[in-house]
Amino acid sequence: MATGDDGLAMGAEALAAFMAREFPQVAADFAIERVAPREIDVRLRVDERHLRPGGTVSGPSMFALADVSVYLAVLAMIGPEALAVTTGCSMDFMRKPAAGTDMIARCRLLKLGRVLAVGDVLLYSEGMDEPVARASMTYSIPPARG
């Protein structure tokens, strides 16, 4: 699956370019902080549209950060596959995120098979030591085209 000397099929630049090309509607919201085999850190650039009443980051915005993180971690390992899709998610919201700061996802792939990938994501408000949420996500990887 991985092809580069670093064990990755795609690095941060290639992943960012892929997102900008395939998902321009959301690509500007996210920045890739770090990529390693089976791991990625992704930043959500929190803006007013990500907040809910009471001035906290909304659940859908946190879900998007977790989802994008696992998707990018999978692509980093297998290469550009736009049709990989989320098939399952379990998310625990543990504490209130800070409103005026970005959020950081720390994702690691627990399983990367031919058909399924499972990732674990911890979400942090920048500057906070404790995670604000945790997500477990499963992705379906389309069969290789012959």
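What follows is a short tour, stop by stop.

This is a predicted model, where local features need pLDDT of at least 70 and side-chain atom pairs count only at pLDDT 80 or more, while totals for chains, interfaces and linings use all residues. Residues are numbered from 1 along each chain as its sequence is written, and side-chain values use heavy atoms, with hydrogens and water left out.

**Stop 1: helix 1**

Select residues 12-22, which make up helix 1. Helices here are DSSP runs of H or I with at least four residues, strands are runs of E with at least two, and both are numbered from the N terminus. Which residues of this helix are buried? Colour Leu15, Phe18 and Met19: those are the ones. (Buried means under 20% relative accessible area, exposed over 50%, and partly exposed in between, with a 1.4 Å probe and protein chains only.) They sit on the same side of helix 1 because they cover an arc of only 100° around the axis, taken from the directions from the helix axis to the C-beta atoms. An α-helix has 3.6 residues a turn, so residues three or four places apart point the same way.

Now turn to the face pointing away from that buried side, and you'll find the exposed residues Glu13 and Arg21. To see what covers the buried residues, show helix 2 (24-27), strand 1 (30-36), strand 2 (39-44) and helix 3 (59-78), which are among the covering elements.

**Stop 2: proline 80**

Next, go to proline 80, in the loop between helix 3 and strand 5. Proline 80 is exposed, at 53% relative accessible area. Leave aside neighbours within four places in sequence, and proline 80 is in contact (heavy atoms within 4.5 Å) with Met10, Phe18 and Leu75. Phe18 is one of the buried residues from the previous stop.

**Stop 3: serine 58**

Select serine 58, in the loop between strand 4 (56-57) and helix 3. Is serine 58 buried or exposed? It counts as buried, at 12% relative accessibility. Not counting residues up to four places away in sequence, serine 58 touches His50, Leu51 and Arg52.

**Stop 4**

For the largest pocket, centre on Arg114, Ile141, Pro142, Pro143 and Ala144, the closest to its centre of the 12 residues that line it. The space in this pocket is about 210 Å³. (A pocket is an open set of points on a 1 Å grid over the protein atoms alone, where a 1.4 Å probe fits, with protein on both sides within 12 Å along at least five of seven lines; lining residues have an atom within 4 Å of a point.)

The second largest pocket holds about 160 Å³. Its lining includes Met19, Phe23, Asp67, Tyr71 and Tyr139. Helix 2, helix 3 and strand 5 (85-93) each supply at least two lining residues, with the largest share, 3 residues, coming from helix 3.

**Stop 5: the cysteines**

How many disulfides does a search of the whole structure find? It finds 0, where a disulfide is a pair of cysteine sulfur atoms within 2.5 Å. The sulfur of cysteine 89 has its closest cysteine sulfur in cysteine 107, 12 Å away, too far for a bond. Cysteine 89 is partly exposed, with a relative accessible area of 38%, whereas cysteine 107 is buried, at 2%.

Key: Grid points are joined across faces, edges and corners, and a volume is the space filled by probe spheres set on the points.
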